[in-house]
Amino acid sequence: MSQGDVSAFVILVRDKGAGDLGPSVLAINRLNMPDMLQAFQQLSANERDLFRQAAFDGIPAPGCGFSHTVSQAKQVNIERIRFAFRVVTDKRIPKEIPGDLYETGQLKDGYDFLKVSPPTVSVWVTCIGSICADARLQKRGDDSVIMGGDQTYGQAGWDVGIKYGTGHANDLPDLISKPCRGRFIRRLSLNAHGDSGEFAVNGVDERLIAVKPAMKASQLDSLRSDFGTLLDFLDHVMSQDGIVLLQGCLAGKGEGGTALLKRLSLELTPRKIVGFSTIGFQSVEKQKRDSESCREPGARDTPYFDHSSSERDEYNRYFKDGQWNDLGQLPWQAETSPHAKVSQNGNIIRGLDL
């Protein structure tokens, strides 16, 4: 759309009575959200009042007759128009977000118009094991207290936990929208199995082979066709300073990891994409929440570059001599942890040698 379309709408409203505003309702319905907001802003207070009567509230009838809106109000997405109208007239975002305005980025357009920062949320998403839906780190023995710093049993700073099934990565827009609707994602953890330059976002089969499609450095040409819906959704609902952490073993390792992270950071520019060059580790028992079957969020950044099939080796790596209780030795994975590789705008800005 263009300024000409905005001007055409204003002309259809100016010097008209409420009953004559039907064509203006059809005209504004054709505008994208930024132009729609600009169009309403150009109306005078009286013109907005007449438009409100025509499209939303009803035109007062003489005597004791019933009020009615113009017939064109039933031919358009009136809730989308009402949303834009309220943003301009009330100078705030309505509490209720209609339709798909959150998922398609039109809610973001409203915040941009008002020049205010949207509310944000940190989301932990996993197809491995479990996660508590309320992912805020609880105090052991007192679930009324939310911990402000990392503990040995979980990582602080997460808000919402989401579990999804094998082969259902493209269901994440719906799964994320339900608990987060109206809030923009500042930090997103995608917790799945990985390998060098490979992130098994759809899970793995019984042989630990990635379920197709996976995000692979060797298949970047199909990244958009495989995951375009998910990537567009994240672009719409993430804050501009957002961070995506691919919390899968080795996914950021070597040239393959570099290529995958760089491509994802171009898809989601200017957000940062983080992968790890070593094995990530989670504990079923030590991260289990008191009296619940779900887990506290977090995966440990370890110094190990290979998987071990030996239970004894696993114990020695993570639990012998109290290693699990040493956050210096096994810190929680983050963009600043030792084996994190970070990409932004198609460039590696941290960990290029990993």
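I looked up Asp15 and found it exposed, with a relative accessible area of 78%. For the terms I use here, buried means under 20% relative accessible area, exposed over 50%, and partly exposed in between, with a 1.4 Å probe and protein chains only. I note that this is a predicted model, in which local features need pLDDT of at least 70, side-chain atom pairs count only at pLDDT 80 or more, and totals for chains, interfaces and linings use all residues. Residues are numbered from 1 along each chain as its sequence is written, and side-chain values use heavy atoms, with hydrogens and water left out.

I then checked the backbone of Asp15, whose phi is near 65 degrees, a positive value in a residue other than glycine. Asp15 sits in the loop between helix H1 (3-13) and helix H2 (22-29), where helices (H or I, at least four residues) and strands (E, at least two) are DSSP runs, numbered from the N terminus. Most residues other than glycine have a negative phi, and most peptide bonds are trans.

I found a positive phi, near 55 degrees, at Asn345 as well; Asn345 lies in the loop between strand E13 (340-344) and strand E14 (347-350), and it is partly exposed, at 37% relative accessible area.

Turning to the peptide bonds, I noted a cis bond joining Lys212 and Pro213, with omega about -5 degrees, and I placed Pro213 in the loop between strand E7 (198-199) and strand E8 (215-216). The bond from Thr269 to Pro270 is also cis, with omega near 5 degrees, and Pro270 belongs to the loop between helix H9 (254-267) and strand E10 (272-276).
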